Amino acid sequence: MIRIAIANQKGGVGKTTTAINVATALAATGWKTLLIDLDPQGNASTGVGVWANDRERSSYDVLVDGAGVEQCIVPTSIPGLDLLPATVDLSGAEVELVNSDDRAHRLRAALHDGLDYDVCLVDCPPSLGLLTLNALTAADTLLVPLQCEFFALEGLSQLLQTVERVQQRFNPDLGIIGIVLTMFDRRNRLTDQVSEDVRSCLGKLIFETTIPRNVRLSEAPSHGVPALIYDHACAGSRAYMALARELITRLPEKRQAA
Ligand code: ADP
Ligand code: MG
């Protein structure tokens with residue numbers, strides 16, 4: 001199983017939208033996929049149709065109470081896609097874990113090799129706290145959604161520093177699979193400029209696929225389905241399919257090992 005963390009400490013940059021739609025695209029490609037919601041807001045859970053009332057056990061139980069992942073996973077209506085939901089109690093997890101020695105390794109320990117998935121995507125909260133740290137410690141690689149706006153690069157350097165620290169202290173094998181530019185608006189000159197700067201600065205780390213600003217992507221969650229199912233032909237869905245394809249090409253030999 002390949003473990004991919006989706007993180008960026010900024011809120012509203014498209015982490016959850018990316019997690020939901022890449023997970024759906026991978027599942028549609030035949031990969032058995034587990035989506036882990038690690039944000040107390042639970043938007044990834046809602047976005048795949050698992051509403052708050054239907055969440056009995058959650059990532060909180062796994063992280064704080066040591067519950068088995070298998071016991072907390074729920075199926076979704078999307079074939080090949082299961083979910084480990086998040087509930088609001090997760091907002092207390094950082095405080096509850098603060099004194100335990102293995103606090104950064106809880107998720108890593110829970111995602112054992114016996115789990116029957118090809119890939120697992122972890123949707124992180126908008127901070128670099130203990131929840132994101134757990135995701136980065138558990139992950140093989142990191143996918144970063146980046147919104148093309150003025151302070152984007154500044155926030156990114158903070159994230160990359162955190163990655164370095166995690167590599168040094170907790171997870172030397174953590175890689176960065178790529179950075180995807182989100183909410184791209186071709187008509188906006190600033191967006192265009194930032195995208196050029198980011199590409200010249202970070203080169204191949206940036207996925208060729210760019211996610212456009214697309215209203216269908218923002219409408220889908222209120223219907224409890226990924227955009228890829230809500231409107232599979234819209235520009236946003238097509239971009240996420242392309243991103244998933246590009247992601248797969250960056251993960252070739254790992255899959256065979258999975
Ligand atoms: P994050 O998880 O980083 O906080 P979200 O994925 O929740 O970000 O996105 C923030 C908001 O922007 C949500 O309302 C979402 O529906 C919307 N959104 C995300 N990506 C796009 C996009 N490419 N085009 C239009 N709206 C988007
Ligand atoms: Mg989110």
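Student: Before we start, what makes a residue count as buried here?
Tutor: A residue is buried if 20 or more other C-beta atoms lie within 10 Å of its own. Keep in mind that this is a predicted model.

Student: Okay, so is Met-183 buried or exposed?
Tutor: Met-183 is buried, because 23 other C-beta atoms lie within 10 Å.

Student: Where is Met-183 found?
Tutor: Met-183 sits in the loop between β7 (175-182) and α9 (189-202).

Student: And what about its phi?
Tutor: Met-183 isn't a glycine, yet its phi is positive, at about 50 degrees. Most residues other than glycine have a negative phi.

Student: New topic: the ligand. How many residues surround ligand 1?
Tutor: There are 18 of them, and the closest are Gly-14, Lys-15, Thr-16, Thr-17 and Ser-218.

Student: Which helix gives the most to that shell around ligand 1?
Tutor: That's α1, with three residues. Both α1 (15-28) and α10 (215-219) supply at least two residues each.

Student: Now the largest nonpolar core. Which residues touch the most other members?
Tutor: The core has 76 residues, and those with the most contacts to other members are Ile-4, Ala-5, Val-22, Leu-35, Leu-121, Val-122 and Ala-135. Helix α1 gives the most to this core, with seven residues.

Student: Pick Val-22, then. What does Val-22 touch?
Tutor: Leaving out residues up to four places away in sequence, Val-22 touches Leu-121, Tyr-240, Leu-243, Ala-244 and Leu-247.

Key: Residues numbered from 1 in each chain as written. Chains lettered and ligands numbered in written order. Predicted model: local features only at pLDDT ≥ 70, side-chain atom pairs only at ≥ 80, totals over all residues. Near = placed C-beta within 6 Å. Helix = DSSP H or I, 4+ residues; strand = E, 2+ residues; numbered from the N terminus. Core = buried A, V, L, I, M, F, W, Y, C linked by C-beta atoms within 7 Å. Buried ≥ 20, exposed ≤ 12 C-beta atoms within 10 Å, placed from the backbone. Contact = placed C-beta atoms within 7 Å.
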